[in-house]
Amino acid sequence: MTIYNVDSKGTACPGPITDLIRAYRKASNGDIIILQATDPGVVPDSKAWCGMTKNELVDTKENNGEYEVTIKVTAKK
Amino acid sequence: MIKIAMIGGGAGGLITTSKLSAELSEEIKQEKVSITIFDRKETQEFQPGYLETAFRGTKPEKLKRPVDKLISKGVKIVHANCASIDLDNHQIITEKNQEKHDFDYVIVSTGCSPDYSQIPGLREANMDFYTDAEVSSRIFSTLQTIKSGRIVVGIAGLPYKCPPSPNEAAFMADEYLRRHDMRKNVDITFITPYTRIYTAEPINEVIEPLYSERDIESRTVFNTDSVDPAKKVITSLEGDTVKYDYLFLTPPHKPAAFLKGTDFADDEGWVKVDKRDLHITDHDYAFAIGDTNNIPTSKAGVEAHLEGIVVANNLAMNVTGEGTKHFFTGRTQCSMETGFHHATFVVGTYDRPVEKIKPTVTNYAEKKVMEEIYWASLHGHYEWLFKYHFKRDYFAESPS
């Protein structure tokens, strides 16, 4: 299992979701993507992306305006 | 003598050196400053015109001008590409004869280009409107032969330049087929890895209804994995498939090869810069502008332009000791043609989200004006107009 730490802090939509998709391309099933961002849209966007792609949204955290979304890659063929 | 090296002679390189040569004209005359562009290419192409070539049949030669005629007074050019940069030792080595050139300041503006290696089968199956004008013209040749079937357009991978262009391809293909009374026989499908047809919600709200009106099918969160040119099938990372008869996808893009593996670029080769003043991390005499850097904005000509203005101002200020420092605002101004002489714009900054702008004929006319003034703008002739148009977004006087 590989953990991909993706730093999207300071970027606004579509920065975080673009970075997530780019990391997802490199990842395999079972890998973890930890997406960090300051754009509050990262949480609903990631939830929607996980729902639509059937990847697993493991956790979301918010601390002083910084968001961390943890996703387990499960949907690749 | 202070030597300024510009790596890349595209729109960003030409506009930046144009402003530099104007700001430092006296110093250049007195041979205190030299400005040199390094770029192998002899011809500059108007890249936003590739869509017109692909979907309206504009001749490729109409999009071309000799680079030597676009260089501003006082600027030299070495027709050789950069093979490597040694930032610590202030030196570049060119591909041609491995020549070494020293610099005091360097600006990297080498753009980006399609990277077909990321998606097996895509190169064999696809025709794009990014590689150059000639390649774009193949789409129009094909379009004229289409009687029935399915055209697939959209985003095959990230990042790519000119964010609205895949959507424009859908609208322009639709317009062509309707004007030739062929639309009822031809399906158009748009694919994207994003969750929306256009990733920024305000623009998505504008164009999603148009997709319905024009009967353009969309497949969101489709992460293209591979293309089978024999079976004419695109397969996603999740195993979903889309069939096509004609494929005009937007490939993922890559930076210039010499940047990959350097300590000033990320693992894919995009140059790491400060998003406000564009200096390369840890090197205040080195900058990267336009598509080649890693800042969180669109890869589009307007960014290269406005970043170049900021860098040229600040560099001239360093040389002369006069003026005030400027900062890039992150302003985007990407036109999106929606067909039938209408267009919208994707407008935003680092600090303001993308605006909701409805497609109008006026916006389309504004896009056409830009096409008319493009070549002169490379010489800096219309900076007064850009400054007026962008107002407070032309540059910022403080970093936040």
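**View 1. Gln333(B) sits in strand β21 of chain B, which runs over residues 332-339.** Helices (H or I, at least four residues) and strands (E, at least two) are DSSP runs, numbered from the N terminus. The model is predicted: local features need pLDDT of at least 70, side-chain atom pairs count only at pLDDT 80 or more, and totals for chains, interfaces and linings use all residues. Residues are numbered from 1 along each chain as its sequence is written, while chains are lettered from A and ligands numbered from 1 in the order in which they are written.

Is Gln333(B) buried or exposed? Gln333(B) is buried, because 21 other C-beta atoms lie within 10 Å. A residue is buried if 20 or more other C-beta atoms lie within 10 Å of its own, exposed if 12 or fewer, and partly exposed in between; C-beta atoms are placed from the backbone. Leaving out residues up to four places away in sequence, Gln333(B) touches Val302(B), Phe345(B) and Val347(B). Two residues are in contact if their C-beta atoms, placed from the backbone, lie within 7 Å. Val78(B) is 255 residues from Gln333(B) in sequence, and their C-alpha atoms are 32 Å apart.

**View 2. Chain B holds ten helices and 22 strands.** Its radius of gyration is 21 Å, close to the 21 Å that the globule rule gives for 400 residues, so chain B is as compact as a globular protein of that length. The radius is taken over C-alpha atoms; the globule rule is 2.2 Å times the number of residues to the power 0.38. Along its principal axes, the C-alpha trace of chain B spans about 65 × 45 × 40 Å. Of the 400 residues in chain B, 51% are buried. Among contacts in chain B between residues at least 6 apart in sequence, 65% join residues at least 24 apart.

**View 3. Helix α6 of chain B covers residues 165-179.** At 1.5 Å a residue, its 15 residues should span 21 Å; the end C-alpha atoms are 20 Å apart, which agrees. The expected span is 1.5 Å times one less than the number of residues. α6(B) is mostly covered, with 13 of its 15 residues buried. Just after α6(B), Asp181(B) takes a positive phi of about 55°. In the loop between β11 (149-155) and α6 of chain B lies Pro159(B). The peptide bond from Leu158(B) to Pro159(B) is cis, with omega near -5°.

**View 4. Glu31(B) and Lys391(B) have positive phi although neither is a glycine.** For Glu31(B), phi is about 55°. Glu31(B) belongs to the loop between α2 (25-29) and β2 (33-38) of chain B. Glu31(B) is exposed, with 8 other C-beta atoms within 10 Å. For Lys391(B), phi is about 50°. Lys391(B) lies in the segment after α10 (383-390) of chain B. Lys391(B) counts as exposed because it has 8 C-beta neighbours inside 10 Å.

**View 5. Chain A meets chain B through 21 residues of chain A and 15 residues of chain B.** Helices α1 (15-26) and α2 (42-53) of chain A each supply at least two residues of the side of chain A that touches chain B. α1(A) gives the most to that side, with seven residues. By class, the side of chain A that touches chain B has ten nonpolar, five polar and six charged residues. Ala, Val, Leu, Ile, Met, Phe, Trp, Tyr, Cys and Pro count as nonpolar, Asp, Glu, Lys and Arg as charged, and the others, Gly among them, as polar.

**View 6. The axes of α1(A) and α2(A) come within 9 Å and cross at roughly 40°.** Axes are lines fitted to C-alpha atoms, for helices over the stretch in contact, and angles run from 0 to 180 degrees between N-to-C directions. From α1(A), the contact takes Pro16(A), Ile17(A) and Leu20(A); from α2(A), Val42(A), Asp45(A), Ser46(A) and Trp49(A). By class, this contact has five nonpolar, one polar and one charged residues.

**View 7. Tyr4(A) lies in strand β1 of chain A, residues 3-8.** Tyr4(A) is partly exposed, with 18 other C-beta atoms within 10 Å. Beyond its neighbours within four places in sequence, Tyr4(A) is in contact with Ala23(A), Ala27(A), Asp31(A), Ile32(A), Ile33(A) and Ile34(A). Val43(A) is 39 residues from Tyr4(A) along the chain, and 17 Å separates their C-alpha atoms.
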